[in-house]
Amino acid sequence: MVKTIWALMDDRRGSVSQAKGVLQALNAEQFKIEEKKIEYTKWAGLPNWLRGRSLLGITAASKAQIKAPYPDIVLSISRRTAPVARYLKKVSPHTKIVQLMHPGNAGLGEFDAVIVPEHDSGKKKTDKTHYIIGCPHQVTKTYLTEAKAKWGNEFSNLPHPLTAVIIGGAIKKKPFSAENARALADAIKKLKQKIGGSILLTTSRRTGEQAQKIIVDALQDVPQYAYLWGDTRPNPYSGFLACADNIVVTGDSVSMCCEATGTGKPIYIFRGQNWLTPKHQRFISSLIKKQCAILLEDDNAGNFKPQNSLNAAAEIAAIIADL
């Protein structure tokens, strides 16, 4: 029998992307998926122990979608969607609720599965808590094949190997410093001097103007295709992942690192100094231990061959199927 899943999709792009990766990994013959767009009011900022098992904090239009017939499974994708999932469990006891990321301690025992990254393992758990490395993503063989077909010609004149350079930036009120920008640029130059070829360079809003300028200026003599923050052209990010021979990624973004490892290509993570949180450090260490990636600063950068890739979406899809 086909089971119905409601995915509570909100305005958090990262959370939505993770959820779509999970939904994509589900067996289409086993599940009927409905995405419910959840929009918030100012009351969504209240702690979840106050919002409880209710629809408090979501708009009238969002509430109008939450009506019978209720689904077999609810996928809650963020802390703010957790009260809605708990409400559905209250009005429809047969409904099972699955939470991506830790929802907080309020009503934790009501969830049928809580998916938590290993680097967040210090939080309260139940016997329904499942730990994964990193986070789910949408980078599959089909994704890469389609992206390569779309973007391959764009980079065809650049010498190989192509190194995608995916740069994030500031986190937790810690800016991406000029010192770290210089260190990143120096490490990329050192890598390209060793292996040759070109770079596919992209930055983000969090990189910051100063750090971006330092990196761009330092790498101006390296053959490249650059897509910098603020560029209005179509975003080539998927093409970078698909067409690159290896990938440099900054360690500030769990999702960027996980998407990179999903390609199965050599991954070099830039850790920097006095920047990343202990959680980020634990996550990077887990990738290295699993032999999915090594540090860009490592002397073996350029020779690394990954032994594993990450597919947390498939792991979570299997947990949902077991429910």
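Biologist: Why is lysine 32 called partly exposed?

Modeller: Lysine 32 has 47% relative accessibility. Buried means under 20% relative accessible area, exposed over 50%, and partly exposed in between (1.4 Å probe, protein chains only). The value of 47% falls in between, so lysine 32 counts as partly exposed. This is a predicted model: local features need pLDDT of at least 70 and side-chain atom pairs count only at pLDDT 80 or more, while totals for chains, interfaces and linings use all residues. Residues are numbered from 1 along each chain as its sequence is written, and side-chain values use heavy atoms, with hydrogens and water left out.

Biologist: Which value makes aspartate 231 and arginine 233 a salt bridge?

Modeller: Their side chains meet at 2.6 Å, N to O, and that is within the 4 Å limit. Aspartate 231 is partly exposed at 25% relative accessibility, and arginine 233 is partly exposed at 37%. Elsewhere, salt bridges that share partners join Lys32, Glu34 and Lys36 into one network.

Biologist: Why does the pair of arginine 206 and aspartate 252 link distant parts of the chain?

Modeller: The side chains of arginine 206 and aspartate 252 form a salt bridge of 2.7 Å, N to O. The two residues are 46 residues apart, with arginine 206 in the loop between β8 and α7 and aspartate 252 in the loop between β10 (246–250) and α9 (254–261). Helices (H or I, at least four residues) and strands (E, at least two) are DSSP runs, numbered from the N terminus.

Biologist: Are these two partners buried or exposed, or in between?

Modeller: Aspartate 252 is buried because its relative accessible area is 4%. Arginine 206 has 26%, so it is partly exposed.

Biologist: How do you know that serine 92 is buried, and what does its side chain touch?

Modeller: Serine 92 counts as buried because its relative accessibility is 3%. The residue lies in the loop between α4 (82–91) and β4 (96–100). Its side chain makes polar contacts with the side chains of histidine 94, at 2.9 Å, and threonine 95, at 2.7 Å. A polar contact is a pair of N or O atoms within 3.5 Å; within protein, one must be able to donate a hydrogen and the other to accept it, and residues adjacent in sequence count only if both atoms are side-chain atoms.

Biologist: What makes threonine 145 exposed?

Modeller: Its relative accessible area is 54%, and exposed means over 50%. Threonine 145 is in helix α5 (residues 141–151), and its side chain reaches the backbone oxygen of lysine 141 at 2.8 Å.

Biologist: What is called a nonpolar core here, and which residues have the most contacts inside the largest one?

Modeller: A nonpolar core is a set of buried Ala, Val, Leu, Ile, Met, Phe, Trp, Tyr and Cys residues joined through side-chain atoms within 4.5 Å. The largest has 62 residues, and Phe155, Phe176, Leu184 and Leu296 have the most contacts inside it. Helix α6 (residues 178–195) gives the most to this core, with 6 residues. A second, separate core of 22 residues includes Val16, Leu23, Ile77 and Ala317.

Biologist: Why are β9 and β12 called edge strands?

Modeller: The open sheet of 6 strands has the order β9-β8-β7-β10-β11-β12, with parallel pairing. Strands β9 and β12 (294–295) are the edges: each pairs on one side only.

Definitions and conventions:
Two strands pair if DSSP finds at least two bridges between them.
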